[in-house]
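Hi everyone, thanks for making time for this. I'd like to walk you through one structure, piece by piece, and I'll give the cut-offs as we go.

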Amino acid sequence: MKNRIRLGGPVPFNIRGPDNRLLLARGQVIRDEAQLDALFERGAVVDVDDLKGPRAEVIEAPVETLPGLWSGCIDRVGRTLRTPTLPEFAQALEEAAEPVLALVERDPDLAIFQVVRQDAAGKNPYGVAHSVHTAIASYLVAQRLGWDKPAIERVFKAALTMNLAMLELQCRLATQVTPLTAAQREVIHDHPTRSAEMLEASGVADADWLAAVRNHHEVPGGHGYPRACQDVDDMASLLRRVDMYTAKLSPRITRTAMPANQAGRDLFVKDAQHPMAAAVIKEFGVYPPGCFVQLECGELGVVIKRGANANTPVVAALTARNGDALMEPARRQTDHRGFAVVGVVPESALRVRVSPEKLVVLATR
């Protein structure tokens with residue numbers, strides 16, 4: 001079980017000594033290799049009953065451990081996506097995707113927080129992070145559209161793998177200030193076809209999954225690429241819209257991340273009549289979790305949960321009216337008098353940082 005332990009993250013099971021005495025409880029943290037080695041030297045064991053599937057592990061995890069689980073799961077997906085030529089890639093991807101799906105199902109607001117704040121992506125390159133964020137958003141929007149569970153999970157995996165053929169290039173482009181070269185343009189143009197081919201070579205035989213990857217930059221009427229298709233399937237259409245929306249939320253070396261309310265406004269202006277665009281906006285809301293905002297009373301904070309209406313989220317206030325940091329984040333219902341959201345503020349406007357563990361606990365009160 002050593003490979004299931006992430007240093008600095010929550011332990012996914014109880015660890016006991018040879019005499020069955022509890023040495024480390026599920027959710028506690030192993031700080032470094034020395035502590036891990038010490039446990040093994042003491043003959044540490046794990047109960048078979050604790051080795052449940054990843055979905056059960058996520059469902060039963062204490063709420064304060066969820067941010068750590070997100071980080072670990074995204075790291076695992078990243079490692080998997082970077083090895084598409086391995087014979088076991090398709091199976092590895094299924095296994096890596098399962099706990100992410102469980103995390104989205106366990107707390108959709110925290111899932112949206114990952115997309116907007118993007119802190120859990122850690123050191124993963126932009127291409128990996130963007131694929132994960134697009135997958136999370138695609139899952140939630142497909143659910144809102146009323147798709148059945150197999151289709152929802154299929155579009156999730158299509159989003160994860162839509163850019164397999166250009167993950168490395170995406171990483172370079174995120175920090176590139178010079179114009180695209182001819183070779184880079186060719187990779188971008190061909191990546192939907194090449195990504196689908198890589199999936200087929202790895203053993204993926206799901207025709208709908210492959211078609212969604214192959215067509216996710218196609219636009220009805222023949223205005224997309226690489227094949228200028230006249231008709232585009234629903235999965236590919238959803239991927240294209242969510243891909244564009246989540247890309248706006250990501251910073252580049254040449255620009256800062258677009259505020260979430262502006263990204264939603266742009267999507268509405270460009271695609272107001274389409275139900276998929278409307279579903280994206282309704283799912284995320286005007287001020288989605290992870291968005292920094294100013295309240296009517298003058299406090300600054302971060303959205304931690306969607307509210308009953310698109311513009312009335314639950315906010316964790318981080319600063320007082322005078323700008324001083326609060327000792328502890330305070331939960332604010334923005335549909336209450338004096339606490340309405342009056343605007344989005346940049347992250348730099350807040351001089352205080354709060355652990356995601358505190359925020360997720362506050363969101364569940």
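Let's start at a pair of residues: Leu 300 has Thr 319 of β5 as its bridge partner. A quick word on the names: helices (H or I, at least four residues) and strands (E, at least two) are DSSP runs, numbered from the N terminus. Before going on, please keep in mind that this is a predicted model, where local features need pLDDT of at least 70 and side-chain atom pairs count only at pLDDT 80 or more, while totals for chains, interfaces and linings use all residues. Residues are numbered from 1 along each chain as its sequence is written, and side-chain values use heavy atoms, with hydrogens and water left out.

Back to the strands. Leu 300 belongs to strand β4, residues 300-305, which pairs with β5 in the antiparallel sense over 5 bridges. Pairing here means that DSSP finds at least two bridges between two strands. Further along, Val 302 has Ala 316 in β5 as its bridge partner. The hairpin of β3 and β4 has 4 residues between the strands, and in it Gly 298 takes a positive phi near 105 degrees.

With strand β6, residues 325-333, β5 pairs in the antiparallel sense over 5 bridges. Val 315 has Arg 332 in β6 as its bridge partner. This hairpin has 5 residues between the strands, and its Gly 323 has a positive phi near 95 degrees.

So what is the order of the strands in the open sheet? Reading across, the order is β6-β5-β4-β3-β7, 5 strands with antiparallel pairing. At the edges sit β6 and β7 (341-344), each pairing on one side only. From one strand to the next, the twist averages 35 degrees; the axes are lines fitted to C-alpha atoms, for helices over the stretch in contact, and angles run from 0 to 180 degrees between N-to-C directions.

How many of the 6 residues of β5 are buried? The count is 6 of the 6 for β5 (residues 314-319), so the strand is largely enclosed by the rest of the structure. Buried means under 20% relative accessible area, exposed over 50%, and partly exposed in between, using a 1.4 Å probe and protein chains only. For β4, 5 of the 6 residues are buried, so that strand is largely enclosed by the rest of the structure as well.

Let's move to the helices. In helix α10, residues 207-214, the buried residues are Trp 209, Leu 210, Ala 211, Ala 212 and Val 213. Their cover includes α4 (89-106), α7 (149-161), α9 (182-202) and α11 (234-248). The N-terminal end of α10 is capped by Asp 206, with a side-chain oxygen 3.0 Å from the backbone nitrogen of Asp 208.

Another helix residue to look at is Ala 135, found in helix α6, residues 126-144. Ala 135 is buried, with a relative accessible area of 0%. Which residues does Ala 135 touch, leaving aside its neighbours within four places in sequence? Its contacts, meaning heavy atoms within 4.5 Å, are with Phe 156, Ala 159 and Leu 160. Ala 135 and Phe 156 are 21 residues apart in sequence and 4.7 Å apart in space, C-alpha to C-alpha.

Last stop, the backbone geometry. Most residues other than glycine have a negative phi, and most peptide bonds are trans. With that in mind, look at the loop between α10 and α11, where Pro 226 lies. A cis peptide bond joins Tyr 225 and Pro 226, with omega at about 10 degrees. Ala 228 is in the loop between α10 and α11 too, and has a positive phi near 55 degrees. Ala 228 is partly exposed, with a relative accessible area of 34%. Asn 20, in the loop between β1 (15-16) and β2 (22-24), also has a positive phi, near 75 degrees. At 46% relative accessibility, Asn 20 counts as partly exposed.

Definitions and conventions:
A polar contact is a pair of N or O atoms within 3.5 Å; within protein, one must be able to donate a hydrogen and the other to accept it, and residues adjacent in sequence count only if both atoms are side-chain atoms.
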